[in-house]
Amino acid sequence: MQWRPGGTSGDIEDRRDSSGGGGFGGIHLGIGGAIIVGLLSLIFHQNLFELFSGEPATAPVVRNQPDTARDERERPEVQFVSFVLDDVQKNWDRALPAQDGTRYRHAKLVLFRNAYPSACGMAQTAIGPFYCPGDEKVYLDLGFFNELKQRFGAPGEFAQAYVIAHEIGHHVQKLLGIESKVRSLRRRNPEEANPLSVRLELQADCFAGVWGNSTEQRNLINESDVNAALRAAAAVGDDRLQRTRQGYVNPESFTHGSSAQRVQWFRRGFNSGRISACNTFSTR
């Protein structure tokens, strides 16, 4: 991926030297989160996903001793995240009003280590990156990029960029009113909670592809970059994760979509570059 190192984005809140304690509540599970929670649910024979649907938890923020050496090692990653975040949001600055008539409002991205409080509850490294509609912020521990490469077999900068673009896709859903409609539908029809979650996640994948289309038009990526994003999408498909974790696949428990679905919807957004191509709720 072609990009230029620069300063830290004005939309980044660096909280790596701060921490908080507390529980969960109301968090939209990110790409890595469903994997960890599903595994723990199997171990403890309890549906731990229920912990993420309650009221937001609050916790004091503690300022830790700065880890200047680690901060310096992570500086290239912070610059990369800054570039991608700004590029994704500049694209939505143009695309959302042009295609839908909705004004785009920038989300913030919070960099943290270990744990940090959000309006949706406690962000924790084990949950993975996630978007919180309550405060319109994406929460990211940079250590997840190592997990993406080593555990999920999806190396490459554009694979990392896909993760950020996916979470910003959830912000676009909030601005369009999709997130609130889905939340209301899930409350009224609990039996449809998982299928609705899958459609929401696949649409965020498609929105990530819409941004990917713009990077191709500007020659920021090549075919190997696209393949890296597709590998990342496939790596976090529910079927692959379930097969790895428990040895069999249960489609009724899917919350993010199969590998094939995630690749399909990212490609649809990537090939079209249009929001209108991402209506996952009109397909069966």
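In the largest nonpolar core, which holds 56 residues, the members that touch the most others are Trp92, Leu109, Tyr162 and Ile168; such a core is a set of buried Ala, Val, Leu, Ile, Met, Phe, Trp, Tyr and Cys residues joined through side-chain atoms within 4.5 Å, where buried means under 20% relative accessible area and exposed over 50% (1.4 Å probe, protein chains only). The model is predicted, and local features need pLDDT of at least 70, side-chain atom pairs count only at pLDDT 80 or more, and totals for chains, interfaces and linings use all residues. Residues are numbered from 1 along each chain as its sequence is written, and side-chain values use heavy atoms, with hydrogens and water left out.

- Apart from it lies another core, of 9 residues, among them Phe112, Ala123, Ile127 and Phe130.

**Helix H6**
- Ile178, Glu179 and Val182 are buried in helix H6 (residues 178–188).
- Because the buried residues of H6 fall within an arc of 95° when seen down its axis, they line one face of the helix; the arc is that of the directions from the helix axis to the C-beta atoms.
- These buried residues pack against H5 and H7, whereas the face turned away from them carries the exposed residues Lys181, Arg187 and Arg188.

Technical notes: Helices (H or I, at least four residues) and strands (E, at least two) are DSSP runs, numbered from the N terminus. Contact means heavy atoms within 4.5 Å.
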